[in-house]
Amino acid sequence: MIDLVTAAHSLPDEYQKLTHLIYQLRDSNSIRTDLTLANDFIFTMGVIRGDATTQGAGGHAENAFLALFYSAIVLYVRATKTQHDNRRSFDFVKDYDEEQRQKHRVLCDLRDHALSHYGTGGIYNGPAFQRDGVFVASGPQSDGQIMTLSQRLVIQPQLIADLGQMAHRALMLADKRTQILNQKVVDAINEASSASPDLLPVLREHSTDLADFLGSDEAANTLLTGARVGYKRGSMQH
């Protein structure tokens, strides 16, 4: 197994086209993975939604639903908007219709102005995403006690539906782009190796054990005998 990303770091300038395509493929698949996770989270939200609405405030189902809801928004926006040196992005918005673009803007504003940073959510104009207040009882029987109250939106059906629609649409676009880039990398390697017999020996200098990347021989064998594409989750226990 050859680690093409590691190889790309050391390829000579004459292979610049191949190097660029390898990085694009890695980043496109990374974006697809974020969107796959977002869609998985949204599906799980549907599974636990009934319990989240019937349990009392702070119940485990409500907590899990809220965590999945927030995480799905963050993953969607990170995949479709965030620009960063560590991962190249591509333009999803050009493939959205106007209604989808508006929903995209709302989700981006929620991430930027309500989740990553505290606020009302920018152009989002639905039920308050989060509210905080300080009150004092003032009636004739009151004792003047100060009360601090906070409210967090847990279930907003229209927003959840919009998030599900946009995450699915973006995943379809990311999957298509990743498949196209995969073929371009194959074509570029074939083209470059035909033009220069030196390429394949250079690539083989970066041979690696896939089990090291995936964490086990079993995971590597499953991937190699299956679709040859996927993502892995893991945890550490101390």
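Cysteine 108 touches Val77 and Lys81, leaving out residues up to four places away in sequence; a contact means heavy atoms within 4.5 Å. Cysteine 108 is found in helix H4. The model is predicted: local features need pLDDT of at least 70, side-chain atom pairs count only at pLDDT 80 or more, and totals for chains, interfaces and linings use all residues. Residues are numbered from 1 along each chain as its sequence is written, and side-chain values use heavy atoms, with hydrogens and water left out.

- Helices (H or I, at least four residues) and strands (E, at least two) are DSSP runs, numbered from the N terminus.
- Cysteine 108 counts as buried because its relative accessibility is 5%. Buried means under 20% relative accessible area, exposed over 50%, and partly exposed in between (1.4 Å probe, protein chains only).
- Cysteine 108 and glycine 122 are 14 residues apart in sequence. Their C-alpha atoms are 8.9 Å apart in space.
- H4 has 18 residues and reaches 24 Å from its first C-alpha to its last. That is close to the 26 Å expected at 1.5 Å a residue. The expected span is 1.5 Å times one less than the number of residues.
- Buried residues of H4 include Val106, Leu107, Cys108 and Leu110. Charged names are in the buried list too, among them Asp109 and Arg111.
- What covers the buried residues of H4 includes helix H3 (60-80), strand E1 (130-136) and H5.
- Aspartate 97 caps the N-terminal end of H4. A side-chain oxygen of aspartate 97 lies 3.2 Å from the backbone nitrogen of glutamate 99. A polar contact is a pair of N or O atoms within 3.5 Å; within protein, one must be able to donate a hydrogen and the other to accept it, and residues adjacent in sequence count only if both atoms are side-chain atoms.

**Helix H5**

- H5 (residues 157-195) has 39 residues. From first C-alpha to last, H5 reaches 57 Å, close to the 57 Å expected.
- At the start of H5, a side-chain oxygen of glutamine 156 reaches to within 3.0 Å of the backbone nitrogen of glutamine 158.

**The second largest pocket**

- The second largest pocket has a volume of about 180 Å³.
- On a 1 Å grid over the protein atoms alone, a pocket is an open set of points where a 1.4 Å probe fits, with protein on both sides within 12 Å along at least five of seven lines; lining residues have an atom within 4 Å of a point.
- H4 gives the most to this lining, with four residues. Lining residues include Gln102, Tyr124, Gln156 and Asp162.
- By class, the lining has five nonpolar, five polar and two charged residues.

- Threonine 19 is in helix H2 (residues 16-54). Threonine 19 is buried because its relative accessible area is 11%. Threonine 19 touches Ala8 and Leu11, residues up to four places away not counted.
- Alanine 61 lies in helix H3 and is buried, with a relative accessible area of 5%. Beyond four places in sequence, alanine 61 is in contact with Ile48, Asp51, Ala52 and Gln55.
- Alanine 211 is in helix H7 (residues 210-214) and counts as buried at 8% relative accessibility. The C-alpha atoms of alanine 211 and serine 71 are separated by 29 Å.

Technical notes:
Points joined across faces, edges and corners; volume = space filled by probe spheres on them.
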